[in-house]
Amino acid sequence: SDLENVIDEAETDKLHNELLKFVNQLQTLTTSPSSKDLALVARTAAQKVTEILNVYADQTEEVRNQQIYDLSKVVIDIDFNSTVKNIANLNTQIRDELVHGNTPNELYDKRNTLIDKLSGMANIKVSYTPEKVSEDLTIENLNISIYDRASSTSIGIVSNGLYNTLTASLDSTTNEMKIEINSSFGEFHGDITSHFSGGSIKGYLDLINGKGTYAGSGDNTFRGTLYYEKAMDTFASNFAKVLNDINSLSGTSKPLFMASGDTDPETSPDKITAKNIAISSKWLEDSTYITTTTSTTTTGGSDNIERMKTALTSDITFYQDPSDTTSPIMFTGTTYEYMTGLIGELSLDVELNQNFSDTASTVLYNLYDSREAISGVNMDEEGINLMAYQKSYNAAAR
């Protein structure tokens, strides 16, 4: 939903509208291709396109950074780690009470509440191991593990009074979130990111690490923030490549767009992304840097401007790497169709996951009601019992 607020083409000042303005300004330039004023207006329109792409990239990154913060600082550091610690402490208290012959019902209730909370964060498995304290007393110690359905792997996080904590951090090499276990017991140490198969932690990992169709071997295939970042990068780099190629004369590079900070885009261009796409330094210096005609005999022609206008309104092959035509084709269509398709994917993702959430909530509430019918307190029933007890007491007193 946060991403929908970013890539919102319903607003009049967003990317598609700026692209239309750019095409219209190119059309105007064809009427007087030697006009510096018209060339300046066309360049300004192109600059607005790059600025919208920069904003999309920055805001998408902000959404991702918020998810990273929420996962690492709130869900892991506060919720998960404090919950397993409190469960382990309750285990110790419950054991002490049982050893002394007491029945710690209130402690059981507190522990069950914490186990419910923990099960919302990760797919867990709860088990009990018997401990013979004396000839007449055997108690059950509670153990909890993170359970990975795919590999049938159990990673211990609570073992009676012992507990393991988690740490979430961003890998500087892969730019992906990883979760490591800090073990005080058990055989697992270090990175356990791939073993989360459910719960809110898995949801955060999908949103942060999901690359969708850009995923390589072993990558997260969910359409998360990285997927939408890369999709916008694909748009920006192919958009720039098409117009840069058209603007370049035979054997000469004349890029209209470059990566911001690129020192020499003509000879060794840096990779263009949605975050860094900018008007080339030479086009900024001279609005007539745009090639209006490729004719060497006729001056004042506009055939090349027509080529640019046609390219922006016709089908484009969007390669994953525009400089390598053997790289995967991510989309074929107009710039408008590309953005419409991307927004459509995002809308479907939001609707699908909202339906998953609603269905899961319904099942959860039904299970909760069923459990409460057995273990909960029925006020009407308790009131009737109190009346019966009162009458029995009065009769006994007489």
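**Sheet and pockets**

Author: E1 and strand E2 (residues 138-148) pair in the antiparallel sense over 9 bridges. The model is predicted, so local features need pLDDT of at least 70 and side-chain atom pairs count only at pLDDT 80 or more, while totals for chains, interfaces and linings use all residues. Residues are numbered from 1 along each chain as its sequence is written, and side-chain values use heavy atoms, with hydrogens and water left out.

Reader: What makes E1 and E2 a pair?

Author: Two strands (DSSP runs of E, at least two residues) pair if DSSP finds at least two bridges between them; E1 and E2 have 9 bridges, and therefore count as a pair. Within E2, Ser 145 stands opposite Lys 125.

Reader: Why are E1 and E4 called edge strands?

Author: The open sheet has 4 strands in the order E1-E2-E3-E4, with antiparallel pairing, and the edge strands E1 (124-132) and E4 (162-163) each pair on one side only.

Reader: What makes the space lined by Gly 199 and Ser 200, among others, a pocket?

Author: On a 1 Å grid over the protein atoms alone, a pocket is an open set of points where a 1.4 Å probe fits, with protein on both sides within 12 Å along at least five of seven lines, and lining residues have an atom within 4 Å of a point. The largest pocket has 33 such lining residues, of which H9 gives the most, 13.

Reader: Which helix gives the most to the lining of the second largest pocket?

Author: H6 does, with 8 residues.
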